[in-house]
Amino acid sequence: MLDDEVIGYLSMRRLKGMRTGIEQRFERDQVKNLLLTGILSFVIAVIVSLLLARAFNKPITRLTGIARQLTSGQFDSRVEKISRDELGDLATDLNTLAETLDQNQQSRCQWIADISHELRTPLTILKGELEAMEDNVRELNSESIQSLSLEVKHLQRLVDDLYQLSLSDQGSLTYEKVAVNPFLLLQNVAEGYVLPMQQKKITLSVACDESCPLVLADPQRLTQLFTNLLENSLRYTHEGGRVKIQCKKEASLTICFEDSEPGISPELIPRLFERLFRVDNSRNRDSGGSGLGLSIAQSIAEAHEGKLTAEPSSLGGLKITLELPISSG
């Protein structure tokens, strides 16, 4: 337009099919390269994924294998440290579980062997005594009958102790707790041991106040606990020794049982409450113990929310401390 007059018209039209051969080849090459790149990337991704999956699954497979071995009873199986992440923590926990199961298995086997030995010993003596009487090697008199009765009592005591421990393990041991004065119970038990200890020339002293605080306890079970501890001192304290009992009131009621020689090696004290455990030399079956008395005493103390501990005594023997919570009522 010029001075508002139309001079002429201009139009543009797109021409098709005018690309050169070079441009077409370039386009085809680009499409081909993109396709090959996509396929290659997919293959590489699959391979990397498989390798990563194998790397991740390898420790899991090892853990699964160890778990199956533990399930089948192979408690000596262990997992090597595999990493420092969550899988490593799981491996550590699995090894801890395996060690615990292994120790429990060994304890169980030892427990069965010890029980078999303890039961076999009096039965063997009884069998030998009876066979000797049948063959007229030994006369049937009051002395032989007393010997047989002694072994029968030992066997009965062992069976009773085992039965009580089994009830305790199952949680079937009943406790009828009431507020009681433990000093009165202890005094009654101690009076029953005055004569036996005098026969061994053992001095028994009880230093407890009658105004001892009340505790929530089963009188029968607490009496049994005191009996087991005093019986332990009577059996293993040398003739002419001392047994001392003291009571203290602090945050809880503390009752200490101390006896004189023989002493116990410090490294063996933690094992005193193990079932059927006996210290060699002086504290053994010759003293008449079954090796279960302290285990039963500990289970009774724990059932009363108390604690039973052992340590060397200043008298030269053993000191056993009983702690019981004081009744709030």
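**From the surface patch to the sheet**

Modeller: The residues L35, I39, F42, V43, V46, I47, L50 and L51 make a nonpolar surface patch of about 790 Å². This is a predicted model, and the values below should be read accordingly.

A contrasting case is N95, which is found in helix α2 (residues 86-134). With a relative accessible area of 15%, N95 is buried, since that class requires a value under 20%. When neighbours within four places in sequence are set aside, N95 is in contact with R78 and V79.

I turn now to the sheet itself. It is open and has five strands in the order β2-β4-β5-β7-β6, with mixed pairing. At its edges are β2 (203-207) and β6 (307-312), each of which pairs on one side only. From one strand to the next, the twist averages 15°. Between β2 and strand β4 (residues 242-249), the pairing is parallel and runs over five bridges. Within this part of the sheet, L204 stands opposite V243 in β4.

Two helices pack on the sheet. Helix α6 (residues 219-236) touches β2, β4, β5 (253-260), β6 and β7 (316-324). The direction of α6 makes about 170° with that of β7. Helix α7 (residues 293-303) packs on the sheet as well, touching β6 and β7. Its direction makes about 135° with that of β6.

The structure holds one salt bridge, in which the side chains of R235 and E231 meet at 3.1 Å, N to O. R235 and E231 are about one helical turn apart, because they are four residues apart in helix α6. Side chains of opposite charge can pair when their charged atoms come close. As for accessibility, R235 counts as partly exposed at 22%, and E231 is likewise partly exposed, with a relative accessible area of 23%.

To return to your request, the sheet has the strand order β2-β4-β5-β7-β6, and the helix that carries R235 and E231 is α6, which packs on that sheet.

Definitions and conventions:
Residues numbered from 1 in each chain as written. Predicted model: local features only at pLDDT ≥ 70, side-chain atom pairs only at ≥ 80, totals over all residues. Heavy atoms only, no water. Patch = residues over 30% accessible without salt bridge, like charges linked within 9 Å, V, L, I, M, F, W, Y side chains within 5 Å. Areas by Shrake-Rupley, 256 points an atom, 1.4 Å probe, with all protein chains shown as cover. Salt bridge = Lys/Arg side-chain N within 4 Å of Asp/Glu carboxyl O. Pairing = 2+ DSSP bridges. Axes fitted to C-alpha atoms, helices over the stretch in contact; angles between N-to-C directions. Contact = heavy atoms within 4.5 Å. Buried < 20%, exposed > 50% of the residue type's maximum accessible area, 1.4 Å probe, protein only.
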